[in-house]
Amino acid sequence: MKKFGRWALKMAGWRYVTTVPEPLKSVICVAPHTSNWDFILGKLYYWAEGRDASFLMKKSWFFFPVGNVLRRMGGVPVDRSRKSSVTRQVVEMFHSRERFHIAITPEGTRKRVRKWKMGFYHIAMQAGVPIQLAYIDYGKKELGITGLFQPTGDEAADLKQIQAFYRGVTARYPEQFYLEVES
């Protein structure tokens, strides 16, 4: 898959950059997320880098036969209609595995939101793992992981630092990407 990922990104005119080593376990914060293409580009990037990551996705996508493919690719179905703790479930996955990475889009949707969902942060805190900062920049046609953040427990201050990382990154639909930090 590595060769295919590299070839596909090159053919599409995308450049990928990785400047931080991959820890044994991490939450991968992926932003901005304004298009379904983000998922495809993200998977191609991971294949190109020879990395593996699970991802959370709406349970409604996990129908036969698509669900089987998504699970094989690392998909973890999330049922938003139930009051179960996704955070607790993912933390348990971290505790039960030697290596584990899960990509999460903090916006939680492709639509414009005024507040990021903090599940990615709480999972990293409770599991005691770092957050890899991954981006997809349509303006530069570049994607990658160039930041590694260790949460401190000061959620407000940490969120400001994390969002500052994404300042200047161009979403596929820029009007749908919102950062609480000043531009």
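This section describes the salt bridges, aromatic pairs and a nonpolar surface patch of a predicted model.

Three salt bridges are present in the structure. One of them joins Arg 15 to Glu 142, with 2.5 Å between the closest N and O atoms.

Glu 22 takes part in a salt bridge with Arg 51, in which the N to O distance is 4.0 Å. Glu 22 is placed in the loop between E1 and strand E2 (25–31), whereas Arg 51 is found in the loop between helix H2 (37–49) and strand E3 (54–58); the pair therefore ties together parts that are 29 residues apart in sequence. The two partners fall into separate classes of accessibility: Glu 22 is partly exposed, at a relative accessible area of 25%, while Arg 51, at 11%, counts as buried.

A salt bridge is also formed between Glu 22 and Arg 99, whose closest N and O atoms are 3.3 Å apart. Here too distant parts of the chain are linked: Arg 99 is in the loop between helix H4 (86–96) and strand E5 (100–104), Glu 22 is in the loop between E1 and E2, and 77 residues separate them. Through shared partners, Glu 22, Arg 51 and Arg 99 are joined by salt bridges into one network.

The structure contains eleven aromatic pairs. Among them, Tyr 16 and Tyr 45 adopt an edge-to-face arrangement, with a centre to centre distance of 6.3 Å and 70 degrees between the planes. Tyr 16 is located in strand E1 and Tyr 45 in helix H2, and the pair thus connects distant parts of the chain, 29 residues apart. Tyr 16 is partly exposed at 24% relative accessibility, whereas Tyr 45 is buried at 3%.

The ring centres of Phe 165 and Tyr 166 lie 4.9 Å apart and the ring planes meet at 85 degrees, so this pair is likewise edge-to-face. Angles over 60 degrees are assigned to that class. Phe 165 has a relative accessible area of 24% and is partly exposed; Tyr 166, by contrast, has a value of 0% and is buried. Both residues belong to one aromatic cluster, which is formed by Trp 116, Phe 120, Tyr 135, Phe 165 and Tyr 166.

Nonpolar side chains also occur on the surface. Met 1, Phe 4, Trp 7 and Met 11 make up a nonpolar patch there, and together these residues have about 490 Å² of accessible area. Trp 7, one of the patch residues, is part of helix H1 (residues 2–11).

Conventions
Residues numbered from 1 in each chain as written. Predicted model: local features only at pLDDT ≥ 70, side-chain atom pairs only at ≥ 80, totals over all residues. Heavy atoms only, no water. Helix = DSSP H or I, 4+ residues; strand = E, 2+ residues; numbered from the N terminus. Buried < 20%, exposed > 50% of the residue type's maximum accessible area, 1.4 Å probe, protein only. Phe/Tyr/Trp six-rings, centres within 6.5 Å; stacked < 30°, edge-to-face > 60°. Patch = residues over 30% accessible without salt bridge, like charges linked within 9 Å, V, L, I, M, F, W, Y side chains within 5 Å. Areas by Shrake-Rupley, 256 points an atom, 1.4 Å probe, with all protein chains shown as cover.
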